[in-house]
Amino acid sequence: CRMEWQPDEQGLQQVLQLLKDSQSPDTATQRAVQEKLEQLNQFPDFNNYLIFVLTSLKSEDEPTRSLSGLILKNNVKAHYQNFPPLVADFIKRECLNNIGDPSPLIRATIGILITTIASKGELQTWPELLPQLCNLLNSEDYNTCEGSFGALQKICEDSSELLDSDALNRPLNIMIPKFLQFFKHCSPKIRSHAIACVNQFISSRAQALMDHIDTFIESLFALAGDEDCEVRKNVCRALVMLLEVRIDRLIPHMHSIIQYMLQRTQDPDENVSLEACEFWLTLAEQPVCKEALSGHLVQLIPILVNGMKYSEIDIILLKGDVEEEDDTVPDSEQDIKPRFHKSRTVTLQHEGGEGEEGEDHDDDDDDDDTLSDWNLRECVQRPALDVLANVFRDELLPHLLPLLKGLLFHPDWSSRTCESHPPPLSSGCMQGMVPYLPELMPHLIQCLCDKKALVRSIACWTLSRYAHWVVSQPPDSHLKPLMTELLKRILDGNKRVQEAACSAFATLEEEACTELVPYLSFILDTLVFAFGKYQHKNLLILYDAIGTLADSVGHHLNQPEYIEKLMPPLIAKWNELKDEDKDLFPLLECLSSVATALQSGFLPYCEPVYQRCVTLVQKTLAQAMMYSQQPDQYEAPDKDFMIVALDLLSGLAEGLGGHVDQLVSRSNIMTLLFQCMQVRSVCVWGEEGGVQC
């Protein structure tokens with residue numbers, strides 16, 4: 001009989017002190033802990049101390065014990081192959097012997113540790129693990145059963161393919177029937193673990209599960225009324241996945257399943273509602289959707305529409321109930337998303353009637369990027385109603401329109417935000433919506449003046465979806481009022497509204513094109529005034545709106561009055577920015593469109609712009625050369641600077657025509673262009689004369 005390892009008291013105290021220090025918020029202390037950990041990792045039995053604290057030192061507080069286990073887990077991930085066999089065996093034995101620790105935190109930590117060891121290829125070399133965990137499920141001690149199930153769930157999540165392979169002699173053949181037995185366990189936590197374990201094998205169509213598919217589905221139906229929200233969530237998740245892989249088994253029960261999902265979509269627990277909501281998205285992709293759902297639309301549509309309302313948490317996060325004018329507050333860097341250059345050849349496709357799909361200026365999420373979580377309103381209002389609209393098209397409108405009109409005039413302002421996200425109305429049902437738009441449009445435009453900034457910003461987004469229809473009507477009926485109100489919102493005191501209005505106006509510009517010519521003076525006055533008002537983030541969107549205007553009205557912009565309004569602020573920004581500033585991207589893109597539109601009107605500004613473009617190309621090529629020769633000493637260049645500069649040169653050439661000859665003859669641009677062609681993966685000249693990566 002071998003002697004069990006025991007800790008040295010002095011060494012144990014040293015490890016405990018380290019664990020205490022590691023919980024200190026002081027940076028210097030944390031650094032010292034990291035150094036000490038690296039030193040102690042040189043001693044193999046340091047990991048014995050860590051497992052001893054986790055599993056055996058019951059006198060210590062739970063956070064310290066759990067921390068010991070998490071440090072051990074990190075050591076396993078980084079160094080397990082270097083653990084001596086005696087140390088590895090001791091850790092594995094201690095984990096299995098203590099999986100039923102009275103503390104839920106310690107049980108969970110041990111489960112994570114077991115899973116981490118298993119994921120290091122140890123399932124094959126730890127043959128007793130799965131049989132022992134499965135046997136422990138039968139323990140009369142609740143803690144042991146729950147701890148074992150927690151570990152098994154993590155293993156199923158991390159190693160699902162391996163469990164269904166010949167490498168382990170297909171343990172799933174034993175595990176699946178075992179898990180199914182626990183669907184009826186008296187503990188909701190155990191029931192939840194059991195379903196979650198089986199759920200891991202639905203999408204992969206594991207044969208062991210397919211052999212018991214009818215028992216599985218019957219067991220799920222038996223849990224339909226479970227009082228535990230975690231169980232309900234896992235039941236919904238199972239049904240959603242089964243819809244994708246074994247719909248043949250669900251079709252006979254589809255009416256009951258739909259009724260169940262209608263209840264769960266309204267579940268008081270949002271996590272359950274989310275899982276249920278996924279059901280409608282998945283069902284919409286199935287050929288049986290229309291037949292299965294037709295009789296349920298009268299119940300389903302009100303539920304989905306009701307889910308569109310912003311929750312109290314959403315409103316707090318979106319500052320929707322705080323009416324501050326924040327346009328004087330500078331943007332923080334994290335407010336500004338990374339920007340990438342778009343070639344003019346792509347942008348200008350619109351002129352040929354192509355590429356409108358996906359050319360959204362607001363990326364469809366600008367109203368919600370403050371929210372970090374995928375919540376119910378996002379799940380319902382965007383995809384679910386949208387995909388159902390694509391299935392049912394105009395048949396959806398009789399169910400949907402009365403509800404949306406009611407919300408549009410609702411005295412509770414947060415309900416009015418519901419009508420402002422109309423994916424179902426702007427895609428599958430768009431044709432059917434046309435007869436209602438003359439009545440709805442004035443009310444939507446009125447929402448642009450709502451006292452709540454959140455309503456105003458979402459109304460901007462909504463109205464941009466109907467820009468194509470607006471432009472198809474007589475200008476005075478809808479275009480002029482919409483344009484007038486959007487321009488007011490561009491100068492709103494709220495930055496979120498400014499952003500939404502500017503993006504919406506860019507969409508309107510694309511649709512209206514030369515219809516805007518009579519209003520150019522008014523439009524330019526507004527956009528130029530915004531230069532002095534906007535903070536960093538919205539300034540980038542303003543460049544896009546100006547560039548889109550130039551693309552849309554073309555040579556009509558070449559009037560002295562318009563040039564005198566527009567060019568000074570653009571050139572002022574041009575002079576402010578350094579060659580290394582990525583804000584040059586949107587400004588250069590904007591100037592490229594403006595130069596093409598102004599034609600000879602751009603001549604007074606062309607020389608400094610041209611020279612700077614040449615300089616940007618030259619600098620990028622030089623950096624590329626240095627990087628290729630000495631990559632350890634120089635950074636790779638950001639080739640977007642060169643590409644966007646070449647695009648602007650293309651715009652200058654297109655706009656200035658023969659006037660560009662003198663600029664070209666006085667520079668080395670032709671040599672630089674030849675060098676650009678030698679740089680791999682930089683750029684090629686597109687068919688439209690622009691540059692593409």
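How closely do the axes of helix α3 (residues 46–55) and α5 come to each other, and at roughly what angle do they cross?

Analyst: In this predicted model, the axes of α3, which covers residues 46–55, and α5 come within 10 Å and cross at roughly 10°. Angles under 35 degrees count as roughly parallel, and α3 and α5 are therefore roughly parallel to each other. On the α3 side the contact is made by Asn 47, Asn 48, Ile 51 and Thr 55, and on the α5 side by Val 87, Phe 90, Ile 91, Glu 94 and Cys 95. By class, the residues of this contact divide into 5 nonpolar, 3 polar and 1 charged.

The spacing of such positions can be read against helix geometry. An α-helix has 3.6 residues a turn, so residues three or four places apart point the same way. Helix α5 itself spans residues 85–97, a run of 13 residues. From its first C-alpha to its last, α5 reaches 18 Å, close to the 18 Å expected at 1.5 Å a residue. Buried residues in α5 are Val 87, Ala 88, Phe 90, Ile 91, Lys 92, Glu 94, Cys 95 and Leu 96.

From α28, the residues in contact are Ala 453, Leu 454, Arg 456, Ser 457, Cys 460 and Ser 464; α31 contributes Arg 496, Val 497, Ala 500, Ala 501, Ala 504 and Thr 507. The contact of α28 with α31 comprises 7 nonpolar, 3 polar and 2 charged residues.

The loop between α31 and α32 (520–533) holds Cys 513. Although Cys 513 is not a glycine, its phi is positive, at about 50°. Most residues other than glycine have a negative phi. With a relative accessibility of 27%, Cys 513 counts as partly exposed. Arg 205, likewise not a glycine, has a positive phi of about 55°. This arginine, Arg 205, is located in the loop between α11 (188–199) and α12, and its relative accessible area of 45% makes Arg 205 partly exposed.

Helix α12, residues 207–210, includes Ala 208. Ala 208 is buried, its relative accessible area being 3%. Leaving aside residues up to four places away in sequence, Ala 208 touches Leu 172, Asn 173 and Ile 176.

The cysteines remain to be considered. A disulfide is a covalent bond between the sulfur atoms of two cysteines. A search of the whole structure finds 0 disulfides. Cys 134, accordingly, is in no disulfide, and the nearest cysteine sulfur, that of Cys 156, is 8.4 Å away. Cys 134 is buried, with 8% relative accessible area. The sulfur of Cys 449 is 9.0 Å from the closest cysteine sulfur, in Cys 447, which is too far for a bond, given that a disulfide requires the sulfur atoms to be within 2.5 Å. Cys 449 counts as partly exposed, at 47% relative accessibility.

Note on methods: Residues are numbered from 1 along each chain as its sequence is written. This is a predicted model: local features need pLDDT of at least 70, side-chain atom pairs count only at pLDDT 80 or more; totals for chains, interfaces and linings use all residues. Side-chain values use heavy atoms; hydrogens and water are left out. Contact means heavy atoms within 4.5 Å. Helices (H or I, at least four residues) and strands (E, at least two) are DSSP runs, numbered from the N terminus. Ala, Val, Leu, Ile, Met, Phe, Trp, Tyr, Cys and Pro count as nonpolar, Asp, Glu, Lys and Arg as charged, and the others, Gly among them, as polar. Buried means under 20% relative accessible area, exposed over 50%, partly exposed in between (1.4 Å probe, protein chains only). The expected span of a helix is 1.5 Å times one less than its number of residues. Axes are lines fitted to C-alpha atoms, for helices over the stretch in contact, and angles run from 0 to 180 degrees between N-to-C directions. Angles under 35 degrees count as roughly parallel, over 145 as roughly antiparallel, 65 to 115 as roughly perpendicular and the rest as oblique.
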